[in-house]
Amino acid sequence: MQTAAADYPVPRTASRFPLTGRSRLVVLSFLMLFVELGLIRWTAENVVYLGYFSNLILLASFLGIGAGFILGGRAQNAFARAPVALAGLILFVSVFPVQVTKLSPEYRLGGIVPGMFALPVWIELPIIFIATVIVMGYIAQGVAKVFSEFEPLEAYRLDISGSILGILAFTALSFLGAPPGVWGLLIGLTFFATLERPVARLTKAAVIVIVVVLAAASLVLHDRWSPYYKVTTQPREGGLVAVKVNGRPHQTIVPIEQLTVDQPFYTATYERLNGVPLDDVLIIGAGTGNDVAVALAQGAKHVDAVEIDPVLNRIGRNLHPDRPYSDPRVETTITDGRAFLQNTDRRYDLILFALPDSLTLLSGHGALRLESYLFTQEAFTSARDHLKPGGVFSIYNYYSPLASERFASTLHGVFGSPPCQWLGGQYGARREAVLIASDTPDSIACDSVWRAEGEVLEPATDDHPFPYLPGRSIPGFYVVSLALVLLASIFVVRKAAGPLHPMKQYLDLFFMGAAFLLLETKNVVQFALLFGTTWVVNAFVFTGVLLAVLAAVWLAKRVRLPNPWVLYGALLVSLVVAWLVPAGSLLTLPYAARFGVATVVAFTPIFLANLVFAQRFKDVGSSTVAFGANLLGAMIGGVLEYAALVVGYRSLLIAAAILYGLAFLAGRRHLGAAAA
């Protein structure tokens, strides 16, 4: 039987709250998502352990929010403790950051000042994880208290509306290059707009600490914030400028005269060209301009310089002593390199993948790095297809032996002959390496051809874009970390909910949450492949997912939905269609058609899944416990997404279908009531 809306009256205005009713729930939901996004971004900027494991903060957020909703309003003044907990987390990360202080001959980590030790990973990450769970749990309890005052679907609609505002606000600040001080100010103002009056002194002090500490971190002279990471410049003698991102050495601006002497791999490709003209050169990963300066010095008549990060490009434009980006022969494009190749018809004499190494993940979902789709078999094929007759393709970087072997064997398969190889100095576990390939072997004056050493590695593909993994496996560090996360989850949920048997009635919602997270992850990586691993595409996907959810809730509130069996059947069909239309098959379509088909294929399961969820959620007895179970399921989905390291991203659709099947079985006794 559907719960009547009259059972959930809109709460009366109470003077102790600056905001009441619907506006309070929207603003609290905005705060919850904005803090989650801010923590994912800010902790990774200051703790290098999180550079490749930002999913940890996402998992902690889902765990905290799920536990907070299950607790609901049972804990007195829980929301007032959120600023205190967040201030503690910010202070801890500020006092105990982890940065790379030395790359070679040994890899060395340091703290906030030179010479200060860095906390080991087994201390740093558990503290951050637990603190994030506490912060998000306190915020979620504030949201849940208001959430329970509305009819379930109305509460869900308001929550999603606030989340959309949070996404849009964070996207706007990313576009503006706003530093963390602006994020902190917005968080502080939102806390003061939602805290119960009178506000305790400790809570006021905590909000001030949040704002002041983040503002102070934003005033460091040589720090800039791109949509991807914190970029730090360090001027040195002789016109050199070292560039670090998120505490890791990333690039060094070097004058062309010194660059060609100290780092000969920049010119190794040009020295091996055999009569190849340089009328058109494409440089992907142009960075701060070293590679562009070399191309110009070698006589290139036209250079397309592609760089994904606008801040790195701006630094090179302003600080590089040779001013390569100001040369009229250079045309700069700020986008993802794979997307540029996909959207241009131009052909080149020389294509260079110039040290593209982002040192960061695409988002809190999945293990996809910004450059992952550049090093797949399909990407090398696309580069080959953009060469003029006799054109040359080259990649170079400080490669690990595994990466160098994988890329060389992939080039061998794509071009039909082993690539030319140049090896330089050793830097710790990495070595300077240049790989050069062409459909016309005579275009390369090669003095050393690559030969496979041992077993040939499987190439990375668009479905399994993990070029740095030794094979289809989950690294031991992730396995241990995820196991500990699951153990912590059981403990937290047990402490928050008491005996778990009351949650059994919402087991179907738990499975829906896990499945939905996998669908969301699949959409993120699919659109990254089709349109680029840029922050704009990422923001579009998350906003689109929330809008699809909002549309499903709107429809469920106004239209009598079909029988649940019909909805589950339609969802299964949409998942089968998504499976039968692999993302790579859409790359041949024109941009507009690609966008249209991809949107329909990707978001139809999202929409139908939320119709299924809405039909079930509107009749729940306890909306906060039911929503908490759904969020805890999403956390499990965040753990399951690592299966893509083994089976590839396309197989996540199979996992999602299985989970929705489990939801169907677990919720069978509710289907008849929903149909009636």
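This is a predicted model: local features need pLDDT of at least 70, side-chain atom pairs count only at pLDDT 80 or more; totals for chains, interfaces and linings use all residues.
Select Leu507 to begin: at 37% relative accessibility, Leu507 counts as partly exposed, a class lying between buried (under 20% relative accessible area) and exposed (over 50%), with a 1.4 Å probe and protein chains only. Leu507 lies in helix H16, residues 507-531, where helices (H or I, at least four residues) and strands (E, at least two) are DSSP runs numbered from the N terminus.

Residues are numbered from 1 along each chain as its sequence is written, and side-chain values use heavy atoms, with hydrogens and water left out.

Buried residues make up 58% of the 676 residues.

Now select Arg22 and Glu154, which form a salt bridge with the closest N and O atoms 2.9 Å apart; the term stands for a side-chain nitrogen of Lys or Arg within 4 Å of a carboxyl oxygen of Asp or Glu. This pair links distant parts of the chain, with Arg22 in helix H1 (residues 21-46) and Glu154 in helix H5 (residues 152-176), 132 residues apart. Arg22 is partly exposed at 37%, whereas Glu154, at 8% relative accessibility, counts as buried. Both belong to a network of salt bridges that also links Glu151, Arg157 and Lys557.

Move on to Asp462 and Arg338, another salt bridge, whose closest N and O atoms are 2.9 Å apart. Asp462 sits in the loop between strand S13 (430-437) and H15, and Arg338 sits in helix H12, 124 residues away; both residues are buried.

Select helix H11 (residues 310-319) next, whose buried residues are Val311, Leu312, Asn313, Ile315 and Gly316. Among the elements that cover them are strand S4 (230-235) and strand S9 (330-334). At the start of H11, look for a side-chain oxygen of Asp309 that reaches to within 2.8 Å of the backbone nitrogen of Val311.

Finish at Ile490, which is placed in helix H15, residues 476-497, and which counts as exposed at 54% relative accessibility.

Definitions and conventions: Contact means heavy atoms within 4.5 Å. A polar contact is a pair of N or O atoms within 3.5 Å; within protein, one must be able to donate a hydrogen and the other to accept it, and residues adjacent in sequence count only if both atoms are side-chain atoms.
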